Amino acid sequence: MTVRLSKLERELANHCRSLAACRRCGLGADVRPIVSLARRPHVMLVGQAPGKVETGGGKAFAGRAGKTLFRWLERVGLDEVTARERIYIAAITRCYPGPSPSGRGDRVPSPAERENCASWLEDELRLVRPRLLLPVGRLAIERFLPRLPLEELIGREHEVALAGGKSIAIPLPHPSGASSWIHQGDHPALLSRALELIGARLDQLGVLRSTAARSVA
């Protein structure tokens, strides 16, 4: 039996094949871009850059930060398998940039690397035209939202204009263990509020397998 693919599925498949072959930054033969598995998404999640675990490409958020991120999403009723199937996972840059010179965490992608990667994200925004956008971490948040303290951005919905049209953006802090933001002051409550908003939007879009989101308390 022949399965007919939609225009979006065909275009995303072609896009991801080209992305997987990208070597614009010359980071080394063993460094490959991450590629999303989703082909009929209404939601996009945009991270900062892959970590060491993702050096060879493949799935984004495959390391410790990913485990934390998917635990957050499980709090609203979305398991990792469903998240990868139904949310297009992108990033500001798609290849592991290497360790930080400080020895703590990963190196922040250079402006040149971000510029080299920018067209991939722009093309994805035009193709997917996400109704819900989830920027994760400061670098991704500042790509779409004003440069403000995270506590003024997280826990709220923001309407943003994208290459594919308007979208609702709900930012999340970076789930890396190297980030201390989540443990300070009322920040855990802001995260819970952000997850509550995300759960409601995912439910409206039919992304959750169940009809109701779980408690995020």
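The model is predicted, so local features need pLDDT of at least 70 and side-chain atom pairs count only at pLDDT 80 or more, while totals for chains, interfaces and linings use all residues. Residues are numbered from 1 along each chain as its sequence is written, and side-chain values use heavy atoms, with hydrogens and water left out. Helices (H or I, at least four residues) and strands (E, at least two) are DSSP runs, numbered from the N terminus.

**Helix α4**

- α4 has 18 residues and reaches 25 Å from its first C-alpha to its last, close to the 26 Å expected at 1.5 Å a residue; the expected span is 1.5 Å times one less than the number of residues.
- An α-helix has 3.6 residues a turn, so residues three or four places apart point the same way.
- Arg129 follows α4 and has a positive phi, near 50 degrees.

- Arg104 lies in the loop between β4 and α4.
- With a relative accessible area of 56%, Arg104 is exposed.
- Arg104 and Ile92 are 12 residues apart in sequence and 20 Å apart in space, C-alpha to C-alpha.

**The largest pocket**

- A pocket is an open set of points on a 1 Å grid over the protein atoms alone, where a 1.4 Å probe fits, with protein on both sides within 12 Å along at least five of seven lines; lining residues have an atom within 4 Å of a point.
- The volume of the largest pocket is about 1100 Å³, counted as the space filled by probe spheres set on the points, which are joined across faces, edges and corners.
- Its lining has 36 residues, of which Gln48, Ala65, Asp106, His174 and Ser176 lie nearest the centre.
- α2 (64–74) and α5 (138–144) are the elements that give two or more residues to this lining.

**The second largest pocket**

- The second largest pocket holds about 170 Å³ of space.
- Of its 18 lining residues, Arg23, Arg24, Cys25, Leu27 and Cys95 are the closest to its centre.
- Helix α4 (residues 111–128) gives the most to this lining, with 4 residues.

Notes:
Buried < 20%, exposed > 50% of the residue type's maximum accessible area, 1.4 Å probe, protein only.
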